[in-house]
Amino acid sequence: MDEADRRVLRQSRVRLVGELQVAALWDALLNRELFTPGMIEDIQRAGSGSRRDQARQLIIDLETRGSRALPLFISCLEDTGQDTLASLLRTSRQAQDPSKPSQGKLAPVVLGPEELWPAKLRPEVLRPEAPRPVDIGSGGFSEIRAQDRAKGNADLAYVLNADPCGHCLIINNVNFCRESGLGTRTGSSIDCERMQQRFHLLHFVVEVKCNLTAKQMVQALVELAQRDHSALDCCVVVILSHGCQASHLQFPGAVYGMDGDPVSVERIVSLFNGTGCPSLGGKPKLFFIQACGGELKDQGFEVASTSPEDRTPDSDPEPDATPFQEGAVTVDQPDAVSSLPTPSDILVSYSTFPGFVSWRDTKSGSWYIETLDSIFEQWAHCEDLQTLLLRVANAVSVKGVYKQIPGCFNFLRKKLFFKT
């Protein structure tokens, strides 16, 4: 899609999101081969799955569907009786470029030899060109990535072009009230400084809040979710605290406020769904949790070789663990479960496997954050987030006498390359 057609879509986005009847469009979009069935399923799952969230994602993805995507989309609108929107787009398109046809559904097209081939043999018109073999050469994978970015292939990777890229909120709970029974998290300030600097270098606007009660944590997260993220491409939340197990449906674990009250990870994530934060619909929302998932200490098992530096001399690791607190458990109701929004475009990275402690060195910070920062520094310029987290898991897994392995719940629809 050329820049003029992109401008038409962007200028009409508010009207389209407000009025587009997406449910009537699916068959027409398939018949005209604008989207594959899998792509339409992704659009239907966008945000909370509401009509507005689906419409918003449809407009975003439409920009990636080739040079004839807009006129074909206008035809789909006419096929489904949405003539007012079709007329709006056609008029706007004509105003942007008078050389483009304005009469009828589609202007006559003189077909070239390739377009006369049978559909199954004809080269794709709308879909991005299939990747060609690339000589990695001296530039390594960064060279491949640069070529992918140049193609602007939003089907494979999120587009993070905004500067700043998005907001990053870091909640660092170090000191806890005496009544909570939770100890001071010595070394956490080192983690906080690392994450603050790292995400600043990744073009995020970073905000740090320290020693919040559970209520203040929720309030800070709600304030972040309610901001207008329309001009931004991503959002990051980093939480450094004590943690525990918690009842859950989707995301395990909870983190403690400085008053000793827990906030479930599930509640934190739900604040940023399509209903609570519509301006982040279709955009990646990343959560990094440095806290214990339980009390179990993993002693590991013997393997052929281990890291030569399993543990730094004079180090003093502490767990971020507290006992599991079940609390009052309510009976699950079918309507409550089915009304949960689909957690699309969300990734939650945990410092440890659910049920196990997460280790923090009082002098150098937590194993997870220290490694995360180091891996991002070395590889974020050329690798996607999922690959970076695999590197983190591998590096942390060989540390210490007691073992730890980070993990994640990944509901991202595309690859994510940070802006470096």
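Colleague: Where does His242 lie, relative to β3 and β4?

Modeller: Keep in mind that this is a predicted model. His242 sits in the loop that links β3 (234–240) to β4 (243–244).

Colleague: Which residues does the UniProt annotation "active site" cover?

Modeller: According to the unreviewed UniProt entry, that annotation covers His242 and Cys292.

Colleague: Is His242 buried or exposed?

Modeller: Buried means under 20% relative accessible area. His242 has 5% relative accessibility, so it counts as buried. Its side chain also reaches the backbone oxygen of Gly183, at 2.8 Å.

Colleague: Let's turn to the cysteines. How many disulfides does the structure hold?

Modeller: A disulfide calls for two cysteine sulfur atoms within 2.5 Å. The structure holds zero disulfides. Take Cys234: the closest cysteine sulfur, in Cys165, is 5.1 Å from its own sulfur, which is too far for a bond.

Colleague: And which cysteine is buried, and which is partly exposed?

Modeller: Cys234 is buried, with a relative accessible area of 0%. Cys408 has a relative accessible area of 29% and is therefore partly exposed.

Colleague: Now the helices. How do the axes of α1 and α7 cross?

Modeller: Helix α1 (residues 3–11) and helix α7 (residues 83–96) have axes that come within 9 Å and cross at roughly 135°. That angle makes α1 oblique to α7, because only angles over 145 degrees count as roughly antiparallel, and 65 to 115 as roughly perpendicular.

Colleague: Is the crossing left-handed or right-handed?

Modeller: Right-handed, as α1 passes α7.

Methods. Residues numbered from 1 in each chain as written. Predicted model: local features only at pLDDT ≥ 70, side-chain atom pairs only at ≥ 80, totals over all residues. Heavy atoms only, no water. Buried < 20%, exposed > 50% of the residue type's maximum accessible area, 1.4 Å probe, protein only. UniProt positions renumbered as here; feature names shortened; annotations may be inferred. Helix = DSSP H or I, 4+ residues; strand = E, 2+ residues; numbered from the N terminus. Polar contact = N/O pair within 3.5 Å; in protein donor to acceptor, adjacent residues only side chain to side chain. Axes fitted to C-alpha atoms, helices over the stretch in contact; angles between N-to-C directions. Parallel < 35°, antiparallel > 145°, perpendicular 65-115°, else oblique. Left-handed = near helix turned anticlockwise from the far one by under 90°.
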